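Hi,

Here is the structure I promised to pass on to you. Please open it first, and then read my notes below with the model beside you.

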Amino acid sequence: MNKKISFGTVIALILIVIAVTFSITMVYSSEVFSDKMYAIKEREALYSKLSEIDNIVRTKSISDVNNEVLMDAIADGYISGIKDPFAEYITAAEYMLKTKKTEKNIGEIGIEVYQNDSGYMCIEEIIPDSPAEEVGLYPGDLIIEIDETEVNKENYDNCLKMLQDDPGTLMSIKIRRDVKEKVFEITRRIIEKPVVQSNIFDKYGYIKITSFDQTTPNQFNRVLDDLIGSHVEGLVFDVRNTAGGDIDSVCTVLDKLLPEGPIVSARYKQGNVELLYSSDSFEINLPMVVVTNRHSSDAAEIFAQALKDYGKAKSVGNTTAGKGLMQNYFKLTDGSMMKITVAEYVMPVSDSYNRVGVKADFEVSIPIELEDKLDVIGVQDDAQLRKALEVLIGSAKQETSSESSTQENSDEE
C-alpha cells in the first residue's frame with residue numbers, strides 16, 4: 001500500500017536539510033575563519049616584535065645599520081626559523097652567481113668557496129684540470145684579495161661576482177696559506193666539472209655518477225654509448241656519496257634506461273599527487289646493479305628506486321639517506337631567492353622513500369673510514385663494488401641461460 005507524503009512534509013524535510021547544511025557550512029567556515037584570524041594575529045605579533053627591535057636599535061645602538069645587509073639577515077633568520085632543514089635563503093648576489101654558473105661562455109677558475117667566520121673566502125674544493133689547480137691553489141687556502149680588492153664581510157657578495165668573467169680574462173688572487181701570503185695570476189676559462197666516470201671490469205661496464213646537474217645527462221650519454229659500443233654485458237651504477245642534485249637531470253638520465261611509464265610524482269601539502277616526469281618506450285636492455293650507501297640522497301635515491309621499481313636493477317650496499325622531499329625556488333622582488341620544501345616524492349611502485357631510504361637488496365658495508373676514499377681504494381678493498389659485480393655476473397648468466405632456453409623451445413616448435 002503506497003503512502004502519500006503531504007506537501008507540508010516535503011517542505012519540512014527540505015527545510016531540515018537546508019538547516020543541517022547551513023549549520024555544517026557555518027561550523028566549517030567558522031573554523032576556517034578562526035584559523036585565518038589566528039594566523040593574522042601571529043603575523044601581527046611577529047611584525048610588532050620586529051618593529052620594536054628596529055626602533056630600539058636605530059635609536060640606541062652605536063652600530064651603523066646597513067639596510068641591505070639587515071634585510072638579508074632578517075630573511076635568512078625567517079627561513080631558518082621555519083625548521084625546514086632543506087630551506088635556504090639566497091641573496092641577490094649569490095643567486096646571480098648561481099645563475100651565471102648555468103649559463104654558457106662564463107669564464108671561471110675552478111674553485112668552490114664558502115665564507116669563514118673572518119669574512120674571507122675559503123676554498124672548499126678545486127676542480128681537476130682547472131686554472132686553479134694548474135697554478136697551485138689548494139683546499140683550505142683563504143682568498144683575502146681579488147684584483148687588489150680586499151675580501152671581507154661587507155663586500156663578500158661583490159667579490160663572489162669577481163670570480164667570474166669572460167673566458168680568457170686575467171685575474172689576480174691573493175691567498176693566505178698558514179701564515180704566508182701569496183699572489184696568483186690566473187686566466188679564467190669555461191669549465192665543465194666531470195661528474196660521470198666509467199671503467200670496464202672484465203666484460204662489465206662501471207659508471208660512477210658524482211652529481212646530477214645540468215652537465216650530467218650529456219656526460220652520461222657519452223659514457224654509456226662508449227660502454228655499449230665496447231659490447232659490455234652488464235652495467236654497474238655507483239651513486240655512493242652522491243647527494244642533492246637536479247630532478248630534471250636524474251629523470252633525463254633515467255629516461256635512457258627505463259621502459260615507458262612514470263618516473264616520479266610529487267605529493268603536495270593538500271594531498272594531491274602530480275606526475276612530474278615519465279619515460280618513453282626506448283630502454284637499455286642489459287643486466288644492471290646500482291650501488292648505494294648511507295650518503296646517497298635526493299636525486300641518487302630517485303635514480304636507485306626507479307631502477308628497482310621497474311625491475312631493471314638490483315641494489316647493493318647500504319640503505320640510503322631517505323631524503324625524499326621536493327624543494328621549489330621562489331624569486332623575491334629584490335632579486336633574492338628562497339628555497340622551501342613543498343612536496344614529497346612518490347615513486348612508480350614503492351610510493352615514498354622519505355625518512356626510510358631505499359633499501360639495498362644485498363646489504364654490504366665497508367669501514368666508515370673508507371667511505372670518503374672510494375676513488376682510491378680499488379676493487380680489491382671495496383666490498384660493495386665486488387658484491388655488485390658478483391650480482392651483475394650472476395644476473396648476466398641467468399639472462400643468457402633464459403635466452404638459450406627460449407631459443408631451444410622455439411627451434412623445437
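**Salt bridges**

Lys208, Asp238, Arg240 and Asp382 are joined in a network of salt bridges (a salt bridge is a side-chain nitrogen of Lys or Arg within 4 Å of a carboxyl oxygen of Asp or Glu). Before you go on, please note that this is a predicted model, where local features need pLDDT of at least 70 and side-chain atom pairs count only at pLDDT 80 or more, while totals for chains, interfaces and linings use all residues. Residues are numbered from 1 along each chain as its sequence is written, and side-chain values use heavy atoms, with hydrogens and water left out.

The whole structure has 20 salt bridges. One of them pairs Lys339 with Glu88 (3.5 Å, N to O). Lys339 sits in strand β16 and Glu88 in strand β1, 251 residues apart (helices, H or I and at least four residues, and strands, E and at least two, are DSSP runs numbered from the N terminus). Lys339 is buried, at 16% relative accessible area, whereas Glu88 is partly exposed, at 29% (buried means under 20% relative accessible area, exposed over 50%, partly exposed in between, with a 1.4 Å probe and protein chains only).

Another salt bridge joins Asp361 and Lys308 (3.0 Å, N to O). Asp361 is in the loop between β16 and β17, and Lys308 is in helix α8, so the pair ties together parts that are 53 residues apart in sequence.

Setting aside neighbours within four places in sequence, Phe237 is in contact with residues including Phe303 and Leu307 (contact means heavy atoms within 4.5 Å).

Ser297 lies in the loop between β13 and α8. Ser297 is buried too, with a relative accessible area of 12%. Beyond its neighbours within four places in sequence, Ser297 is in contact with Thr242, Ala243, Gly244, Ala321 and Lys323.

Happy exploring!
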